[in-house]
Amino acid sequence: MARERNRRPEFMRRPVETQNIGFCPFCPGNEKLSKEIRRYDSQNGWQVRVVANSYPAMQVEGSVNRSPHGLFDSVSGIGAHEVVIETPEHNEDLPDWNREHSILVWKAYRERMMDLERDFRLRCIMMFKNSGTMAGAGLSHPHGQILASPVTPPAVEQMLDSAYAYFGEKERCLLCDMMAQELSEGYRIIEENESFVAWLPYASRLPFECWVAPRRHAHSFARARDEELIVFADFMKSVSRRLKQALGDFDYNLVLHTSPNRSSDIRMHEQWRTLELHYHWHIEILPRMWPQAGCEMGNGIFINPIPPEEAAAFLREV
Ligand SMILES: [Zn+2]
Ligand SMILES: [Zn+2]
């Protein structure tokens, strides 16, 4: 934490800009430009479309081959890379959707993730969303991505290792304990209901970085029940509206951290045997106000000018 005098929460708000859309391949009328995997319709046309990424990081066809290159190792890029076009409306993102639409979007993510989990080659199925140029989005139309990979990404592995080590020592879930502490202290909580909690984590990397998790211990988003998903959709809408009210038109990354795919080769992962007990799914919303620079990229040290306690107090009031 390194406070700068003029970086107070109330000065972080960015004005809402009306953008000239120009040509958008995700807007209705341009469906032929993408290879459709799944579509969710209403009587007014499609509401959500899942399409293949035109510049995929992974390919579905083939087998997973692992090979050495001297000191190094490589794995063939087998996997899946899908884009979820979350709405036909170019300028309506998460805070703007109505209730029914929010539920549909999260159900679409759950369905795609459940489907990809059937492929035992895929070890980790990740969902993320880049919104705005500062967050690395190539297109401004609201969309998210699903990336399924044959390896466990390093950041996911680190998180799984910590959760497993904590469970080994205490026989309790790390995130359940973290949430209980946040709720008892209260400083960093921004919203809670009977099923979900949203808080700004201790010593957060970024100003207004926000985590959302189910109160009930649950390891997998893909296995969330319908009634939970409905409450989750409402809750996410409310949290994102709060952030929008505070920050204006903010750029952000949203990352869903969920259990790795247990139907992949579990013999490789002794630690995955207790996943249901030690891992807890959650969402991270990462507002992006400025680009990551050398200190973050080179050292993994994030300099945050607004302590989460102060940002949370501000968010509770908006
Ligand atoms: Zn569009
Ligand atoms: Zn838990």
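**Entry 1: a strand pair.** I looked up β9 and β10 and found that they run antiparallel and are joined by 4 bridges. For one residue I checked the partner: W199 is bridged to W211 in β10. I note that the model is predicted.

**Entry 2: the sheet.** The open sheet has 10 strands, in the order β1-β2-β5-β7-β6-β11-β12-β10-β9-β8, and the pairing is antiparallel. I found β1 (36-42) and β8 at the edges, where each pairs on one side only. Ignoring direction, neighbouring strands are turned by 15° against each other on average.

**Entry 3: helices on the sheet.** I looked up α1 (residues 99-116) and saw that this helix lies across β1, β2, β5, β6 and β7, at about 30° to β2. Helix α3 lies across β8, β9, β10 and β12, and runs at about 70° to β9.

**Entry 4: α3 itself.** I checked the length of α3, residues 174-185. Its 12 residues reach 17 Å from first C-alpha to last, close to the 16 Å expected. Which residues of α3 are buried? I found L175, M179 and E182. Down the axis of α3 these buried residues fall within an arc of 60°, so they line one face of the helix. On the face turned away from the buried side I found the exposed residues Q181, S184 and E185.

**Entry 5: after the helix.** Just after α3 I looked at G186, which takes a positive phi of about 80°.

Conventions:
Residues are numbered from 1 along each chain as its sequence is written. Chains are lettered from A and ligands numbered from 1 in the order in which they are written. This is a predicted model: local features need pLDDT of at least 70, side-chain atom pairs count only at pLDDT 80 or more; totals for chains, interfaces and linings use all residues. Helices (H or I, at least four residues) and strands (E, at least two) are DSSP runs, numbered from the N terminus. The expected span of a helix is 1.5 Å times one less than its number of residues. A residue is buried if 20 or more other C-beta atoms lie within 10 Å of its own, exposed if 12 or fewer, and partly exposed in between; C-beta atoms are placed from the backbone. The arc is that of the directions from the helix axis to the C-beta atoms. Two strands pair if DSSP finds at least two bridges between them. Axes are lines fitted to C-alpha atoms, for helices over the stretch in contact, and angles run from 0 to 180 degrees between N-to-C directions. Two residues are in contact if their C-beta atoms, placed from the backbone, lie within 7 Å.
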